[in-house]
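Keep the structure open beside you as you read.

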Amino acid sequence: MAVLQMHYIPDPVLRERARKVRDLADPALRKLADDMIESMYHYNGVGLAANQIGSLKRICVIQLPEDEEPTVLLNLEITRKEGEREVTEGCLSLPGWQGRILRAEKVWARGVGLDGKPIRYKGATELLAQALEHECDHLDGVLYTDHLRAPDDLYEVEQGAEEEGEGAVEAAAG
Ligand code: NI
């Protein structure tokens, strides 16, 4: 496994739509997924989307603090959202910053695992819902800063502060 180079705002690759993975048997996918997991750990995020490491395959990885294993999601799509809540969010492609934005309370999503089996989320809440929206946004070329309602809702945080203690969960970075 290898740590891949992070792409930072305003890299244009972050504004592109990732393309659906059609050949699920492509052996390069597993290598990419393994490298993305390694990179997610290295950069200390709860998720990572392919755009962030310069690939435009529709693939992301998510591992919440309570998860024992990472989840690899191919062709992730949000199919339904319900409710609204304010969250604090960060992004590995914009280190040192956090924002207050609105996200859905509940999220329905679907994707495919590396084994080709469908993965479905029905009414996901809390950090999982936030991570699904954040990563799906990345794959659509959208950044959390697009959801800011006022400039003051984006603020600088101490470097490293988001990596420890409650900040890690409160300000999900992916
Ligand atoms: Ni992000």
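C91 is buried, at a relative accessible area of 5%, where buried means under 20% relative accessible area, exposed over 50% and partly exposed in between, taken with a 1.4 Å probe and protein chains only. The model you are looking at is predicted, so local features need pLDDT of at least 70 and side-chain atom pairs count only at pLDDT 80 or more, while totals for chains, interfaces and linings use all residues. Residues are numbered from 1 along each chain as its sequence is written, and side-chain values use heavy atoms, with hydrogens and water left out.

Helices (H or I, at least four residues) and strands (E, at least two) are DSSP runs, numbered from the N terminus. H138 is buried too, with a relative accessible area of 1%.

Leaving aside neighbours within four places in sequence, D137 is in contact (heavy atoms within 4.5 Å) with R103, V142 and H147. E126, also in helix 2, is by contrast exposed, with a relative accessible area of 58%. Its phi is near 55°, a positive value in a residue other than glycine.

Now for the interior. In soluble globular proteins, nonpolar side chains tend to be buried together. A nonpolar core is a set of buried Ala, Val, Leu, Ile, Met, Phe, Trp, Tyr and Cys residues joined through side-chain atoms within 4.5 Å. The largest one here has 20 residues, and L73, L76 and L132 have the most contacts inside it. Strand 2 (59–62), strand 3 (71–82), strand 6 (106–112), strand 7 (118–124) and helix 2 each supply at least two residues of this core; helix 2 gives the most, with six. A second, separate core of 18 residues includes V21, M40, I59 and A173.

Beyond four places in sequence, L76 is in contact with R58, C60, A109, R110, G111, L132, C136 and L139. L76 and E135 are 59 residues apart in sequence and 8.5 Å apart in space, C-alpha to C-alpha. With neighbours within four places again left out, the contacts of L73 include I59, I62, V112, I119, Y121 and L132.

Two backbone details deserve a stop. The peptide bond from I9 to P10 is cis, with omega near 10°, and P10 is in the segment before helix 1 (27–43). N44 has a phi near 65°, a positive value in a residue other than glycine; you will find N44 in the loop between helix 1 and strand 1 (47–49).

Stepping back, the protein has three helices and nine strands. Of its 174 residues, 47% count as buried. The radius of gyration, taken over C-alpha atoms, is compared with a globule rule of 2.2 Å times the number of residues to the power 0.38. For 174 residues a compact globule would have a value near 16 Å, and the protein has 15 Å, which agrees.

Finally, a word on confidence. pLDDT is the predictor's confidence in each residue, from 0 to 100. The mean for the protein is 93, and 93% of its residues reach 70 or more. Over residues 164–169, pLDDT stays under 50. Where pLDDT is low, the predicted coordinates should not be read in detail.
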